[in-house]
Each structure stands twice: as C-alpha cells, then as structure tokens.
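Please look through the two-chain model shown below with its interface in mind, and then follow the paragraphs that come after it.

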Protein chains: 2
Amino acid sequence: MTKTSAMDLKSFIEDVPDFPQKGVIFKDITPLLADAKAFDETVRRMAEPWEGSGILAVAGIESRGFLLAAGVALKLGAGVVPVRKRGKLPRAVYAESYSLEYGTATLEAHQDACPNGAKVLLVDDVLATGGTAQAALGILERIGGRVVGVSFLIELGFLKGRDRIKGYDARALIAY
Amino acid sequence: MTKTSAMDLKSFIEDVPDFPQKGVIFKDITPLLADAKAFDETVRRMAEPWEGSGILAVAGIESRGFLLAAGVALKLGAGVVPVRKRGKLPRAVYAESYSLEYGTATLEAHQDACPNGAKVLLVDDVLATGGTAQAALGILERIGGRVVGVSFLIELGFLKGRDRIKGYDARALIAY
C-alpha cells in the first residue's frame with residue numbers, strides 16, 4: 001500500500017442539528033461529495049481493502065449509497081447494482097423489510113442482479129442501527145451473491161449497527 | 001479523440017412493458033450498470049464532450065441520476081452535487097416544482113452546493129418530457145452555477161424534452 005498523506009475526510013462532513021428531527025445530529029456528506037479531491041479519495045479508500053479480490057458487482061443502497069457505490073465500482077473495475085426502495089425496479093425482485101423508528105421500510109433488488117456466486121461488495125454512506133444493511137445483505141444472499149464485504153463511509157458506533165451484520169467484513173472510513 | 005470500437009451500449013438496455021403503468025415501455029438500465037465495462041464506458045462517454053473544460057461540479061438528479069453523475073464526476077475530476085427530492089437535504093435549499101402526469105413533484109439542492117460562477121454539468125439517466133431537467137436547471141441557476149451542459153444516457157425523442165431545456169448544450173448517448 002502506498003503511504004501518502006491522507007486527506008482529513010472528516011473535516012468535510014458537516015453536523016446539522018435537529019435533522020430530520022429534534023435531537024438528532026445529521027451527518028451531512030454533501031460538502032465531501034462536492035469536493036473533487038475528497039470525493040475521489042473517499043471512493044478510492046472505500047474500495048482499497050477489496051482491490052484485486054475479484055469483486056464483480058458493487059451494490060449500493062438508495063439514494064446516497066448510489067453516489068458512493070458508483071465510484072467504488074469504477075475504482076474496482078466492477079459493475080454496480082442498485083438496491084432500491086419498494087416499487088422502483090421494473091422486473092422480478094427479492095425484497096426485505098426492516099424496522100424504522102415508526103413502521104417499516106422495504107428494499108428490493110432484481111432477482112437477476114448478479115450471477116450466482118459472484119463476489120459482491122455492499123456500499124452505503126452510514127452504518128447506523130444496521131437495519132438497512134441487514135436487509136440489503138439478505139437480498140444479496142437470496143440473489144446468490146457472495147458478499148465479501150461491506151464498505152461504509154461513516155460508522156455511528158454508539159448505535160451498535162455492527163451487531164446486526166456479524167460475520168461480514170465491514171469497514172468504515174470515518175467513525176463517530 | 002481516440003478512435004476505439006465503441007461498445008453497443010443500447011444492447012444492455014432492457015425494454016420492460018407496462019411499467020410503471022399499462023402502456024408505458026420502461027427503459028431498464030440496470031443490466032448496463034451491472035456490466036463493469038459497459039458502466040465504465042457509459043460514464044466515460046457521458047463525460048467526454050466536457051473533458052478539459054473546467055467543470056467543477058457534476059449535478060445528479062435523484063435517484064438513478066446519482067449513479068451516473070458520480071461516475072461522470074470521477075471521469076472529469078469534479079465534485080458531485082445531489083439534486084434531491086423534497087425534504088431530504090438538511091440545510092437551506094432552493095426548490096423547484098414540476099408537473100407529473102398526476103400532480104407535481106419538487107426537487108431541491110443546497111443553496112451553497114457550488115461556488116458562484118462555477119462550471120456545472122447536469123447529469124440524468126433519461127431525457128423524457130424534460131420537466132425534471134428543467135426544474136434542476138432552474139435550481140442550479142439560482143445557486144449561481146454556470147451550467148455548461150446536460151448529459152443524459154438516454155433521450156426519448158418522441159417526448160420532445162429538448163424543447164423544455166432550450167439554450168443548453170444537451171447530449172444523450174442513446175436515442176429512441
């Protein structure tokens with residue numbers, strides 16, 4: 001691995017208090033995305049642990065995960081697979097629901113999104129409670145993908161999302 | 001420009017009849033996204049006309065536009081600016097509404113999404129009626145971006161979306 005002075009990516013993330021609701025501090029990654037060097041370095045470093053490991057597809061979770069997954073896929077020379085909210089994909093899907101604070105949400109991916117046994121990397125912006133990632137992993141396993149890792153930009157450690165995705169090689173560039 | 005035999009990107013796009021409603025033929029780009037070489041070539045060719053023109057930010061329209069905008073941004077060495085559906089962005093936004101078949105929808109971008117006068121390229125997957133692109137362009141102009149072009153993967157010529165975005169250098173890789 002090349003030793004270069006890494007950018008301080010955390011300095012590009014802005015805390016926004018009380019969004020989406022009172023008491024929550026939202027991690028706004030848009031300043032990081034808007035900076036060409038920070039964005040390039042972000043996706044390069046999110047891809048780095050899986051370089052040369054034969055990843056065929058990078059699955060990204062709608063919507064912010066799409067921005068990062070597309071970049072990581074290009075860095076790895078892989079395709080990109082959208083894991084979408086319910087009703088957005090036009091062909092036969094596998095679906096998994098997960099709990100939100102109020103009610104549930106559902107993610108879907110096409111049943112033929114990747115070949116059986118293909119090495120897949122899951123990408124999302126934030127590991128929070130882990131519910132979203134867990135649902136996405138369930139779908140990818142049903143598709144027949146061999147999920148070799150999960151790459152997050154941010155991990156909110158205090159929410160213990162890692163407990164929900166045990167057994168997967170999960171990494172995050174920035175931890176809170 | 002290097003003369004190489006271009007891939008037939010159209011062959012990766014699947015027609016899905018009656019989605020999202022009866023009588024509509026949906027252009028499913030997920031097979032193109034999932035193929036590493038096709039995806040790389042797609043974003044490279046979407047970026048090509050603006051190479052070396054000093055684009056600072058590539059604006060992508062939620063959600064499918066995010067996948068392409070991120071890739072085009074990396075190819076151009078630019079940052080990426082998300083243009084999102086209403087209520088998703090945490091800080092002060094400019095918003096524009098546009099008509100759908102039933103009712104209206106609203107797009108938003110952060111007011112400080114790019115510096116005043118910065119060269120911006122707008123990216124989306126499909127140019128259909130042009131309403132979405134028109135709304136996004138209105139927002140980018142209010143932010144102070146200097147929109148130098150619009151890059152689509154697909155143009156549905158029969159819907160005459162170009163009429164709504166006159167005066168912009170709009171390109172599409174694939175026309176129907």
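What follows goes from the interface to the cavities, and then to the backbone and the salt bridges.

This is a predicted model, in which local features need pLDDT of at least 70 and side-chain atom pairs count only at pLDDT 80 or more, while totals for chains, interfaces and linings use all residues. Residues are numbered from 1 along each chain as its sequence is written, chains are lettered from A and ligands numbered from 1 in the order in which they are written, and side-chain values use heavy atoms, with hydrogens and water left out.

The interface comes first. Counting a contact as heavy atoms within 4.5 Å, 37 residues of chain B touch 37 residues of chain A. The size of an interface is often given as the accessible area lost when the parts come together. Here the two chains bury about 2,900 Å² between them, with 67% of it on carbon and sulfur atoms; buried area is the accessible area, taken with a 1.4 Å probe, that two parts lose on being put together, summed over both. Of the area that chain B buries against chain A, B:L67, B:L74 and B:P90 supply 20%, more than any other three residues.

The rule finds four salt bridges between chain B and chain A, a salt bridge being a side-chain nitrogen of Lys or Arg within 4 Å of a carboxyl oxygen of Asp or Glu. A:D28 forms a salt bridge with B:R91, and the closest N and O atoms of this pair are 2.7 Å apart.

On the side of chain B that touches chain A, the elements that give two or more residues are strand 1 (14-17), strand 2 (25-28), helix 1 (30-34), helix 2 (36-47), helix 3 (64-76) and strand 4 (79-85) of chain B. Helices (H or I, at least four residues) and strands (E, at least two) are DSSP runs, numbered from the N terminus. Helix 3 of chain B gives the most to this side, with seven residues.

Which residues lie nearest the centre of the largest cavity? They are A:R84, A:L89, B:D28, B:T30 and B:R64, among 13 lining residues. A cavity, on a 1 Å grid over the protein atoms alone, is a set of points where a 1.4 Å probe fits but cannot get out, and lining residues have an atom within 4 Å of a point. Strand 2 of chain B gives the largest share of the lining of the largest cavity, three residues. The second largest cavity has a volume of about 60 Å³, and its lining includes A:D28, A:R64, A:L67, B:R84 and B:P90.

Most residues other than glycine have a negative phi, and most peptide bonds are trans. A:D18, in the loop between strand 1 (14-17) and strand 2 of chain A, has a positive phi of about 60 degrees although it is not a glycine. A cis peptide bond joins A:E62 and A:S63, with omega about -5 degrees, and A:S63 is placed in the loop between strand 3 (57-61) and helix 3 of chain A. The peptide bond from B:F19 to B:P20 is also cis, with omega near 0 degrees.

Over all chains the count comes to 28 salt bridges. B:R64 forms one of them with B:D125, the closest N and O atoms being 2.4 Å apart. B:R64 lies in helix 3 of chain B and B:D125 in strand 7 (residues 119-127) of chain B, so this pair ties together parts that are 61 residues apart in sequence.

Methods
On a 1 Å grid over the protein atoms alone, a cavity is a set of points where a 1.4 Å probe fits but cannot get out, and a pocket is an open set with protein on both sides within 12 Å along at least five of seven lines; lining residues have an atom within 4 Å of a point. Grid points are joined across faces, edges and corners, and a volume is the space filled by probe spheres set on the points.
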